Amino acid sequence: MCGIIGILGSHEVSPLLVDALKRLEYRGYDSAGVATVDASGRLDRRRAVGKLINLSDRLVHQPLPGQAGIGHTRWATHGAATEVNAHPHQSGRVAIVHNGIIENFRELRARLADLGIQPQSQTDTETVALWTAHHMDQGMGPVEAARATLSQLHGAFALAFLFEGEGDLMIAARRGSPLAIGHGKNEMFLGSDAVALAPFTDRITYLEDGDHAVLTRAGVQVWDAAGQPVDRPVARIDVGATIIDRGGHRHFMAKEIAEQPVVIGDVLNHYVKGDRIVLPEGLDFVALDRVTLVGCGTAHLAGHVAKYWFEQLAGLPCDIDVASEFRYREPPLSDRSLFVAVSQSGETADTLAALHYARGRVARTVGLVNVGTSAIARDSDTALPTLAGIEVSVASSKAFTCQLAVLGVLALKAAHDRGRIDGAGLAAHLRDLRAVPALLAQALALTDDCRTQAAWLAQARDVLYLGRGALYPVALEGALKLKELSYIHAEGYASGELKHGPIALIDGDVPVVVLAPHDALFDKTISNMQEVMARNGRILLISDAAGIAAAGDGVTATLALPTGGGVFQPILYAVPMQYLAYHTAVAKGTDVDQPRNLAKSVTVE
Ligand code: M6R
């Protein structure tokens, strides 16, 4: 979603704000803007539609002096991506930047209209600036006016306020959306995440839900949701872990795909010692009667794969749901169940809300997250890091396979705890899992073949993906990847479901990608493939050498994955899903790392 940065500095802040926004651009890239207070106390702003480069260009021609400033990169929720809707929003003596949604903005606007105050933009955000300016016009000081406005707001938000004539003051507030404060030497910072603040400081304070903070260069004072002053701890972050570069690759996504053998190896080193699984205290599956997995997008699909593992390996009933449905369905939960929230960012609003719903209703909550300092990590009973390292590309790749690896470990622990596999069985499955990094390294060699096939997919209007068993959610992931990166319509189906309707879509123009490892389900999937070919459908078969040999003639193209990995083969099959989407996007010339309309971290409902 939107990214926020604020600096009370000792140098000109505009270039620093823009640099920090570059590190936040993954949160949204519809428009960007900065506001500063200069040496004379003048509050001014610059805004530009589109990528950050447009704001940088504007600042070259229209510089913005000042050593105090706020900045914003926007993912539009209310109002189109226009300059007038871009942040910061300024009214009178206040400018604000916002991440989240002010749910009662219509009511707030109506009351402003009664006062004769009209907004300039279509955004929910501007009402915050208008009300704060109004309170100041009524005689309140900046802190009092900001507090009065905050008490009027409903919804989820992170906000930063900057004031005319106040070069040493910034106010921050957090309800739902994340916000971190950075401590410098006679400088203070705030940002949507620690990654944005890493170039400035390694000392970070995370605001808690409902907090607001008053920052000056001398330090920060924080008040909690009840309005009581509180001390929030200062944590040291590992700045090295926040280094962001493409490592010689053309796109972050290419780099992140290529990193998978190494990061999956890191996951296994962390969670597996010899033939033992090492998990935090309290993760005991003996007394559990169910696992509920929740996530959004790719994280949801990782959970969907794990459902097969929990049920088949551990005999443990497992529910999987998209977080946005789960949270409002009021599902009955067993107090003997385990709830697992799967999320790369650990910030996704729906997944966080689902976790909050589950707390107190289940035996234990687990946050399976890539960002260890995130809200989902902090609000879960147990946080399990997925150790993928920073994932910059909006399309998830290595985070997905790392989620699968951790979920695989969890499912094996469940199987062993519940007596479904003995020590020897566990050792055999762990051997399969430990083979995965090397197999992934071989799978990466498919990049050239995927580029060749992408030339075909790039011409298509629709593409179907078919898979069976645990490969079905991988087919769904393949379709999701292709949609988000290349804007080609794609759908994933369970192979056996095709004949119940979707087969009507088949003609010679619709490529059908079939995922069929040579396993117990192979013959069934190949029968479904034949049904497609009998209707002139053109098949791209992804299998192993034995599967490709057994599939017979008639397929248009094949991609051969190495054999191995046992039940954890879905991790390998993710690679061609990623490369097909990646190369199709490159062939079509779409923006691979920042596809249109998307954001890396979705902190609104
Ligand atoms: O940060 P999260 O894992 O909670 O994000 C969930 C989804 O928004 C995310 O997986 C999204 O679907 C990706 N863009 C897919 O590539």
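This is a predicted model: local features need pLDDT of at least 70, side-chain atom pairs count only at pLDDT 80 or more; totals for chains, interfaces and linings use all residues.
User: Which strands stand at the edges of the open sheet of 8 strands?
Analyst: The strand order in this open sheet is β3-β2-β4-β1-β10-β9-β11-β15, and the pairing is antiparallel. A strand with a single partner has one side left without a neighbour in the sheet, so the edges are β3 (43–49) and β15 (235–236).

User: Which strands does helix α1 touch?
Analyst: Helix α1 spans residues 14–24 and packs on the sheet. Its direction makes about 150 degrees with that of β1. The strands in contact with helix α1 are β1, β2 (31–37) and β4 (68–74).

User: And at what angle does helix α2 run to β3?
Analyst: Helix α2 is made of residues 52–61 and lies across β2 and β3. Relative to β3, helix α2 runs at about 135 degrees.

User: How many charged residues are in the lining of the largest cavity?
Analyst: The largest cavity holds about 60 Å³ of space. Its lining includes Arg-74, Asp-124, His-78 and Trp-75. By class, the lining has 2 nonpolar and 7 polar residues, and the number of charged ones is 2.

User: How far apart are the end C-alpha atoms of residues 453–595?
Analyst: An unreviewed UniProt entry lists residues 279–420 and 453–595 for "domain: SIS". The span 453–595 is 42% helix and 20% strand. Its end C-alpha atoms are separated by 21 Å.

Notes: Residues are numbered from 1 along each chain as its sequence is written. Side-chain values use heavy atoms; hydrogens and water are left out. UniProt positions are given in the numbering used here, feature names are shortened, and annotations may be inferred rather than shown by experiment. Helices (H or I, at least four residues) and strands (E, at least two) are DSSP runs, numbered from the N terminus. Two strands pair if DSSP finds at least two bridges between them. Contact means heavy atoms within 4.5 Å. Axes are lines fitted to C-alpha atoms, for helices over the stretch in contact, and angles run from 0 to 180 degrees between N-to-C directions. On a 1 Å grid over the protein atoms alone, a cavity is a set of points where a 1.4 Å probe fits but cannot get out, and a pocket is an open set with protein on both sides within 12 Å along at least five of seven lines; lining residues have an atom within 4 Å of a point. Grid points are joined across faces, edges and corners, and a volume is the space filled by probe spheres set on the points. Ala, Val, Leu, Ile, Met, Phe, Trp, Tyr, Cys and Pro count as nonpolar, Asp, Glu, Lys and Arg as charged, and the others, Gly among them, as polar.
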